[in-house]
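Have a look at the sequence and the model below, and then we'll go through them piece by piece.

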Amino acid sequence: MKPQAPFKRRILLGTKGRSSHYVCFDCRKQFAKPTSSIVVRDALGKPMRAGGGFDSGAAEFKCPQCGHPMTHLGKNFRVPVQSDAEGWEVARRLVNAGFRYAHAWGPYPTRLRDVPAFIEQNSCKSAGERLLDQWKGQS
């Protein structure tokens, strides 16, 4: 007789007391929302695999003020003052370039003029992009 795979069920667990930062770039506001993770359990309730990572189990929250979807930035984002248009534009450009305010990238720029150099220096490039950069440097 062929052994059967264990029964799996997905359970969404909220981690009480912890929250994560979500921002609305349109309203220039930050909201703390509960974090959650997805855990796959077998028929006996034992965890088989825990969902981890930045966006694992992250729900889509809408801004209470304007109704647009908010952006999940984690716990390391330091919110600029609402009237600081430059600070919010810096954050928006970094998020659009793929940076999510994690420890891995070190200090983030605070001035708009420093953003392009930061993105160029810290972006992950493919092998083809690196080769193109070398080719441009030789010409």
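## How far do contacts reach?

Among contacts in the protein between residues at least 6 apart in sequence, what percentage join residues at least 24 apart? The figure is 52%, where contact means heavy atoms within 4.5 Å.

Before going on, a word on the ground rules. This is a predicted model, so local features need pLDDT of at least 70 and side-chain atom pairs count only at pLDDT 80 or more, while totals for chains, interfaces and linings use all residues. Residues are numbered from 1 along each chain as its sequence is written, and side-chain values use heavy atoms, with hydrogens and water left out.

## The overall layout

The protein has three helices and four strands. Both kinds of element are DSSP runs numbered from the N terminus: helices are H or I with at least four residues, and strands are E with at least two. Follow the chain along and you read β-β-β-β-α-α-α.

Of its 139 residues, 24% count as buried. Buried means under 20% relative accessible area, exposed means over 50%, and partly exposed is in between (1.4 Å probe, protein chains only). The accessible surface comes to about 9900 Å², and carbon and sulfur atoms own 54% of that. These areas come from the Shrake-Rupley method with a 1.4 Å probe, and for residues only the protein chains shown count as cover.

## The greasy inside

In soluble globular proteins, nonpolar side chains tend to be buried together. Here, the largest nonpolar core has 14 residues, and Val23, Phe25, Leu73, Phe77, Leu94, Tyr101 and Tyr108 touch the most other members. Helices α1 (85-96) and α2 (115-122) are the elements that give two or more residues to this core, with α1 supplying the largest share, five residues. A nonpolar core is a set of buried Ala, Val, Leu, Ile, Met, Phe, Trp, Tyr and Cys residues joined through side-chain atoms within 4.5 Å.

Which residues does Leu94 contact, leaving aside its neighbours within four places in sequence? They are Phe99, Tyr101, Tyr108, Pro109, Val115, Phe118 and Ile119.

## Charged partners

The structure holds three salt bridges. To count, a side-chain nitrogen of Lys or Arg has to be within 4 Å of a carboxyl oxygen of Asp or Glu. In one of them, the side chains of Arg111 and Glu86 meet at 3.7 Å, N to O. This pair links distant parts of the chain, as Arg111 is in the loop between α1 and α2 while Glu86 is in helix α1, 25 residues away. Arg111 is partly exposed, with a relative accessible area of 38%, and Glu86 is partly exposed too, at 30%.

Glu89 forms a salt bridge with Arg92, with the closest N and O atoms 3.8 Å apart, and another with Arg93, at 3.1 Å. That links Glu89, Arg92 and Arg93 in a network. On helix α1, Arg92 is three residues from Glu89, about one turn of the helix, and Arg93 is four residues from Glu89, again about one turn.

Most residues other than glycine have a negative phi. Arg28, though, has a positive phi of about 60° although it is not a glycine. You'll find Arg28 in the loop between β1 (9-24) and β2 (29-41). Is Arg28 buried or partly exposed? Arg28 counts as partly exposed because its relative accessibility is 31%.
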